[in-house]
Amino acid sequence: MSAATAPVQPAGPASGRPPEPPGALRAVAILRRLTRLRRRRAASRWIAPALAALPVLATGLLALTGRWGRDLFDHILEFHLRFLVLFLPALALADAVAEEIEQQTFTFLFTRPAPRWSLPIGKYLASVPSLVGLLSASVAVSFAIALLVPPAGPRELWNELPALGRALAAVVLGVPAVGALALLLGTWFPRHPLVVVLGFFFLVEGVLGSLPLLTVLLALGWHLRNIAQVGALAEPPAATDLPALTTVSLPPLGSAAVLLGVTLLALVGVCWTVRSAEYRAGR
Amino acid sequence: MSRRRAASAAGPSPERQGASPVIVAEGVSCWYGPVMAVNELSVTIGPGITGLLGPNGAGKSTFMKLLVGQLRPARGRLTLFGETVWGHPALLGRVGYAPEHESNYDEITGLEFVAALTELQGFSPEEAGERARAAIARVDLTAAQDRRIGEYSKGMRQRIKLAQAMAHEPAVLILDEPLSGCDPLAKNRILGLIRELGAAGTTVLVSSHVLHEIEAMTSEILMMDKGRILAEGNIYEIRDLIDRHPHRIRVVCDRPRALAAALVREEAVTSVQVEAEALVLETRRPDECYPLVPRVARAEGVHIRALTSPDNNLQAVFRYLTEERARRAQGAS
């Protein structure tokens, strides 16, 4: 082997100093733009709008059969909060890092002087605002249909606006939390990330979240319904001989704090994981 | 075969020995689970083009991934411009990397792809766009720059990868099998481009498992096998190694026994084995043997249907060098 001498700066056109590496926010913005561009052209771009349209259609159909008012809206909102707010962010973000590893496209991004975490965060910011907008629109239109069809009318709609506000708050806080959790799980388990995320939600939301125990506090769906005050949570706890554990209650603001905490912790976890991971796809 | 320099033991060529290093690897090892992909690798690479040769699984791509900070050396030290690569993303501003795989963002256009990645190097959107267009023009893809990458052929994908690697004019360019899948025209274009970059002072490390591809770009090569550097130096020295190792030539003909009897008398032929419709001769002077066989066949009235060499590939040279090294190690112990 040749003896090592002092390193040199190469001559020629390549010798000019490279520009300052992009700041973290700039890198996030570039990757967000790139992700949005790809999403807009992907064949799967219709899935989220189609699913978000389902409750609107259902509200319209149920209205035609004579159902109306707050009762109809609450039923439809349960579908939003139990299914769409959990499923759509998971679908959009579970494989955010995994798809880059599987297709090996991360090699183009992680060999740039930008922080690695700008990739998942850029993807997160490309998906979450549009999903919040989509689901908020779906909730608002469902609300309008339920509260405007006769015998309801503008007066009922006006009176029930606080319910819509609570529902929108649940969507605005829930989508980022679910998205961040899905992103974290998908980053930890890049093989079959969607299966892992849906399995996790089935276990925590479907099983633990349904038990009449403190475990409901682990379920994001419970907090969503707590903020929106729908379903059984809207009812005052019935007098019962069962132990106090079965009557879990938390102020809606507490649930909002839980969702914000989950969002922040999950995003920090994602950044920490990606920061120093060695991805060995292609071997 | 022409020789510009007498055969010598593997090692960096004299002009390289004086060059200042850009890439320095000292005892670098990297594992994939229980498999050691790079094994105690020590090498110094200076400005200009260096070809990294080796069969599949030799550790070339792993070495390149270590160089661009995608993998962390399990042992040893790897530096670029004197700085450790792993954990120093700012260093990547001076590196361009074209990976071996063909996967890409199929939904976006070639121009959008190169421009976005150039922006990630720290350029403004306008400058990144200009640089992306210029780089795409250099790889002769301007006509297709607004088409989605999903519609690109394999050769076009190679060229767009090359464009993204060089759009920011890096000081070090790491190209993993950049000619694979390219048609001859594209190959020539890329070869010319790599030579231009090397002549301009860029440190280019380019891998291939095809000797003549590397030969067309540079005479400085590193030969890798099983995660180690087998030989390092000038390509003509490697050519000599190829010539020195026993070389087999398979001749398919109508009367193999008659031809074998005539060939065995020739000095350049070490041994001959006869098969049903062919013969396999062994020689240490293949340059002499290739014209000799048809000449003898003509004289004997033998009709040759095919003349091939199972050893005329890098795999055979790697095998030979590996055995040679094992022999030397045994001798030393």
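Predicted model: local features only at pLDDT ≥ 70, side-chain atom pairs only at ≥ 80, totals over all residues.

Colleague: Start with chain A. How many helices and strands does the secondary structure come to?

Modeller: Eleven helices and zero strands. From the N terminus on, chain A runs α-α-α-α-α-α-α-α-α-α-α.

Colleague: What share of its residues count as buried?

Modeller: 43% of the 283 residues in chain A. Among chain A contacts between residues at least 6 apart in sequence, 83% join residues at least 24 apart.

Colleague: Show me a helix pair. At what angle do α8 and α10 of chain A pack?

Modeller: About 160°, with the axes 8 Å apart. Helix α8(A) covers residues 161–188 and α10(A) covers 220–228. Angles over 145 degrees count as roughly antiparallel, so α8(A) is roughly antiparallel to α10(A).

Colleague: Is the crossing left-handed or right-handed?

Modeller: The crossing of α8(A) and α10(A) is right-handed.

Colleague: Which residues meet there?

Modeller: On the α10(A) side, Leu220(A), Leu224(A), Ile227(A) and Ala228(A). The α8(A) side includes Arg166(A), Ala170(A), Leu173(A), Gly174(A) and Val178(A).

Colleague: Now chain B. What does its secondary structure come to?

Modeller: Eleven helices and 14 strands. Chain B has 333 residues, and 51% of them count as buried. Take the chain B contacts with a separation of 6 or more: residues 24 or more positions apart account for 69% of them.

Colleague: What's the strand order in the open sheet of six strands?

Modeller: In chain B the order is β6-β7-β8-β3-β9-β10, and the pairing is mixed. The edge strands are β6 (95–98) and β10 (228–234) of chain B, each pairing on one side only. Neighbouring strands of this sheet are turned by 15° against each other on average, direction ignored.

Colleague: In which sense do β3 and β9 of chain B pair?

Modeller: Parallel, over three bridges. Strand β3(B) is residues 48–53, and β9(B) is 220–225. Gly51(B) has Ile221(B) as its bridge partner in β9(B).

Colleague: Which strands does helix α2 of chain B touch?

Modeller: Helix α2(B), residues 60–67, packs on the sheet and touches β3, β7, β8 and β9 of chain B. Its direction makes about 150° with that of β7(B). Helix α6(B), residues 184–199, packs on the sheet too, touching β3, β7 and β8 of chain B. The direction of α6(B) makes about 150° with that of β8(B).

Colleague: Switching topic. Where does Lys154(B) lie?

Modeller: In helix α5 of chain B, residues 154–166.

Colleague: Why is Lys154(B) partly exposed?

Modeller: Because 13 other C-beta atoms lie within 10 Å of it. The cut-offs are 20 or more for buried and 12 or fewer for exposed, with partly exposed in between.

Colleague: What does Lys154(B) touch?

Modeller: Glu102(B) and Gly181(B), not counting residues up to four places away in sequence. Lys154(B) and Ile49(B) are 24 Å apart, C-alpha to C-alpha, and 105 residues apart in sequence.

Colleague: On to the cores. How many residues has the largest nonpolar core?

Modeller: It has 159 residues. Leu135(A), Val114(B), Ala163(B) and Ile174(B) have the most contacts inside it. Apart from it lies another core, of 16 residues, including Val269(B), Leu281(B), Cys289(B) and Val293(B).

Colleague: What is Ile174(B) in contact with?

Modeller: Leaving aside neighbours within four places in sequence, Met64(B), Leu67(B), Val68(B), Val95(B), Tyr97(B) and Leu205(B).

Colleague: What about the open sheet of four strands: what order do they have?

Modeller: The order is β12-β13-β11-β14 in chain B, with antiparallel pairing. Strands β12 and β14 (304–308) of chain B are the edges, each pairing on one side only. The twist averages 20° from one strand to the next.

Colleague: How many residues are in the hairpin that joins β12(B) to β13(B)?

Modeller: The two strands are joined through three residues. Strands β12(B), 269–274, and β13(B), 278–283, pair over five bridges in the antiparallel sense. The bridge partner of Ser271(B) is Glu282(B), and that of Val274(B) is Leu279(B).

Colleague: Which strands does helix α9 of chain B lie across?

Modeller: Helix α9(B), residues 256–263, lies across β11, β12 and β13 of chain B, at about 165° to β12(B). Helix α10(B), residues 286–300, packs on the sheet and touches β11, β12, β13 and β14 of chain B.

Technical notes:
Residues numbered from 1 in each chain as written. Chains lettered and ligands numbered in written order. Contact = placed C-beta atoms within 7 Å. Pairing = 2+ DSSP bridges. Axes fitted to C-alpha atoms, helices over the stretch in contact; angles between N-to-C directions. Core = buried A, V, L, I, M, F, W, Y, C linked by C-beta atoms within 7 Å. Parallel < 35°, antiparallel > 145°, perpendicular 65-115°, else oblique. Left-handed = near helix turned anticlockwise from the far one by under 90°.
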